[in-house]
Amino acid sequence: MVTKLGSKRTLTREESYVDGHLTHTAFVSLAILTFITFVGNFTQLQLSAALPSIVDEFRINVTTGQWLTSVFQLVMGVMVPLTAFLTRRFSTRQIVITSMIVFTLGSVCAWLAPTFLVLLAGRVLQAVGTGVMWPVLQITVFSIFPLSRRGGAMGMVGIAMSVAPAIGPTLGGLQTDANGWRSIFLTLTVIGALSLAAAVLWLHDFGENDAAARADFFSVALSVFGFGGLMFGFTNIENYPFTHPMVWASMLVGVVGIIWFVARQVRHARRYREGVARGERPEPALLDLGVLRNRSFTVGTVTASLAFFAFSSILVIMPLYIQNDRGYSATMSGLIMLPGAIGQCISQLFGGKALDRFGARPVALFGAVTLTVGTIGMSLIAADTWIWWVSICQFVRQIGMGSLLMPITTWSLNCLEPSEISAGSAVTNTARQVAGAMGAPILVILMETFTAMYHAGGMSATLANIAGIQWALRISAFLCFIMVLLVAFGVRGNGAGSSHDVARRALNRLRH
């Protein structure tokens, strides 16, 4: 098969993975996909350290400013369900090249933005451009690697998903202090252009595509109104009372949109299964929620979503504590958070290998417990806390995040049938992107609510804000404890790491 963009031949599984190793051509293509995914996820939270500067320049409040992060994650969440359609309809090269064009245009728009709304529009374009990249990379890995090697492979490429957002605030802080926040988007424009050139020159296609495939764009619109309306209502709580239409009406639109979206997906999935049973070839649902009938997959999806909810919100909240309450620069804010990224990189690499050796349960349980301990430690911050205590706690947290996220995701997808991997990838990635997008505004609003309460009680503005952050961190720690329970009691079955699985794996190693 030959694609329209560049006449590159499609790589089959046999041409991609030979004698236990990737071929050179497949390695280069997979490296390009991983790097572009890294850039997209790196961009998600890169503005967290620059947020105080942006808030000051455009004279907006923190809740409005954090939309630069939340809208990015929300749009990525909306784009993910389209992945199943896009990978059916278009070739890998077509998807990636188009994505990089849109991403680069968004970076230029944000770089030159004269107003906050233009900056927000640039962030939306960036998210549209990168929203499908992680699911495309995930589907590619599952199509190339055998079951026994997926843990290690996902651990390697998973750095693009989980470590990149942690590095973003550090480099964003350095660039903000050195050359202003606009330099971040100038750099992303250059990176986008280079990534586009690499995709055009060296990226090959994986899998077949069907030019007759169609998408349910009405469902896309429902997801936008549903999740967007709910988030818009939440973020307006700071500026309006709950009885104001900007709050309750937005939330109502969001809830109705989500219910309608879910009902439509369930109905379309049922029609699809009935059509297949009759020997027809109907269009599948935009988001096949039928995969949630698999208990193991559901446990993994809920756990990963909670992890994203807690993870992204803290990366937004902590720079506010470091810069506004403690008086450190954006550069220091980034450096304080940097060891966490290093810890997650290490645990990400070893987590995938540990999954292949020991199974998902012991590795994910270690990750969930470590994440909980680190979050509890971070909630102990005060006005005079040694600032590097934040760094230590973030290092511990991200060791836990790296040990939890990729094993639980890989295990949950392995529990599905091969034909369900694409749908499962879309569902789990949509859920955790939406959870990440909702996490920041919800915990920021809770933080500011507690802050206002303490301030009204006579506490100084700085101490009241620190108290609000403490409560946001305690809530995040409680969510992490729920993850511990989900992994301890929900991760079961083949590949989970039972004593039987460990013994079987040991015998296989002795035989070989």
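This is a predicted model: local features need pLDDT of at least 70, side-chain atom pairs count only at pLDDT 80 or more; totals for chains, interfaces and linings use all residues.

Reader: How many helices and strands are there?
Author: The chain has 22 helices and four strands. Both are DSSP runs, numbered from the N terminus: helices are H or I with at least four residues, strands are E with at least two.

Reader: What share of the chain is buried?
Author: Buried residues are 58% of the 512. Buried means under 20% relative accessible area, exposed over 50%, partly exposed in between (1.4 Å probe, protein chains only).

Reader: And H19, how many of its residues are buried?
Author: 21 of 27, so H19 is largely enclosed by the rest of the structure. Helix H19 covers residues 388-414.

Reader: Switching to aromatics. How many pairs?
Author: A search of the whole structure finds five. Rings of Phe, Tyr and Trp (its six-membered ring) pair if their centres lie within 6.5 Å; planes under 30 degrees apart are stacked, over 60 edge-to-face, the rest tilted.
Author: One of them is Phe 58 with Trp 181, tilted, at 5.8 Å centre to centre and 55° between the planes.

Reader: Where do those two sit?
Author: Phe 58 is in helix H3, and Trp 181 is in the loop between helix H12 and helix H13, 123 residues apart. Both Phe 58 and Trp 181 are buried.

Terms used. Residues are numbered from 1 along each chain as its sequence is written. Side-chain values use heavy atoms; hydrogens and water are left out. The expected span of a helix is 1.5 Å times one less than its number of residues.
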